Amino acid sequence: MRLQLDIPKEREAEFHDLIAKTGSKDAAALVNHALSFLELCLEERQAGHKIASIDPATKNYKTLNFLSEAKRSQATGSEAAQTPTPSHTQGK
């Protein structure tokens, strides 16, 4: 399948940085990595799990809530959840 993306000029450098940081050979490989990650996140959320990043030193964590926001957006037709952002909820 051929996919064309329109990336705003101000995010082009970020996109190319992600290709380099992930070791992806090109944009297609980066998209494939992102799809695999999103699929894993969806499977975990559907199983009732939360997606989190845990700091082993402090035991603080951040939860990623964009999948539940996207679901809410889909149900309400809202545009608000198009840009995924992590929740900065921290706990122990």
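**The whole chain**

The chain contains three helices and two strands, and their order from the N terminus is α-α-β-β-α. Colour the chain by pLDDT: the mean is 81, and 72% of the residues reach 70 or more. Among the elements, helix 1 (residues 12-22) has the highest mean pLDDT, 96, while helix 3 (residues 66-76) has the lowest, 56. If the display is then coloured by accessibility, 16% of the 92 residues count as buried. Of the contacts with a separation of 6 or more, 37% are made by residues 24 or more positions apart.

**The loop between helix 1 and helix 2**

Select Ser24, which is placed in the loop between helix 1 and helix 2. Is Ser24 buried or exposed? Its relative accessibility is 9%, and Ser24 therefore counts as buried, the cut-off being under 20%. Show its surroundings next: beyond four places in sequence, Ser24 touches Ile19, Ala29, Leu30 and His33.

**Helix 2**

Move on to Asp26, at the start of helix 2, where one of its side-chain oxygens comes to within 3.2 Å of the backbone nitrogen of Ala28. Now select residues 27-46, the 20 residues of helix 2. From first C-alpha to last, helix 2 reaches 28 Å, close to the 28 Å expected at 1.5 Å a residue.

Which residues of helix 2 are buried? They are Ala29, Leu30 and Cys41. Turn the view to look down the axis of helix 2: its buried residues fall within an arc of 115°, so they line one face of the helix. Ala29 and Leu30 are also among the residues that Ser24 touches.

Next, pick Val31, also found in helix 2. With a relative accessible area of 22%, Val31 is partly exposed. Apart from neighbours within four places in sequence, Val31 is in contact with Leu3 and Leu5. Draw a distance from Val31 to Ile19 as well: they are twelve residues apart in sequence, and their C-alpha atoms are 9.2 Å apart.

Leave the helix by way of Gly48, which follows helix 2 and has a positive phi, near 90°.

**The hairpin**

Select residues 51-54 (strand 1) and residues 61-64 (strand 2), which pair in the antiparallel sense over four bridges. Then label Ile54, which stands opposite Tyr61 in strand 2.

The two strands form a hairpin with six residues between them. Lys59 has a positive phi of about 65° although it is not a glycine.

Finally, select residues 77-89, over which pLDDT stays under 50. The model has 20 contacts beyond four places in sequence for these residues. Where pLDDT is low, the predicted coordinates should not be read in detail.

How values were computed: Residues are numbered from 1 along each chain as its sequence is written. This is a predicted model: local features need pLDDT of at least 70, side-chain atom pairs count only at pLDDT 80 or more; totals for chains, interfaces and linings use all residues. Side-chain values use heavy atoms; hydrogens and water are left out. pLDDT is the predictor's confidence in each residue, from 0 to 100. Contact means heavy atoms within 4.5 Å. The expected span of a helix is 1.5 Å times one less than its number of residues. Buried means under 20% relative accessible area, exposed over 50%, partly exposed in between (1.4 Å probe, protein chains only). The arc is that of the directions from the helix axis to the C-beta atoms. A polar contact is a pair of N or O atoms within 3.5 Å; within protein, one must be able to donate a hydrogen and the other to accept it, and residues adjacent in sequence count only if both atoms are side-chain atoms. Two strands pair if DSSP finds at least two bridges between them.
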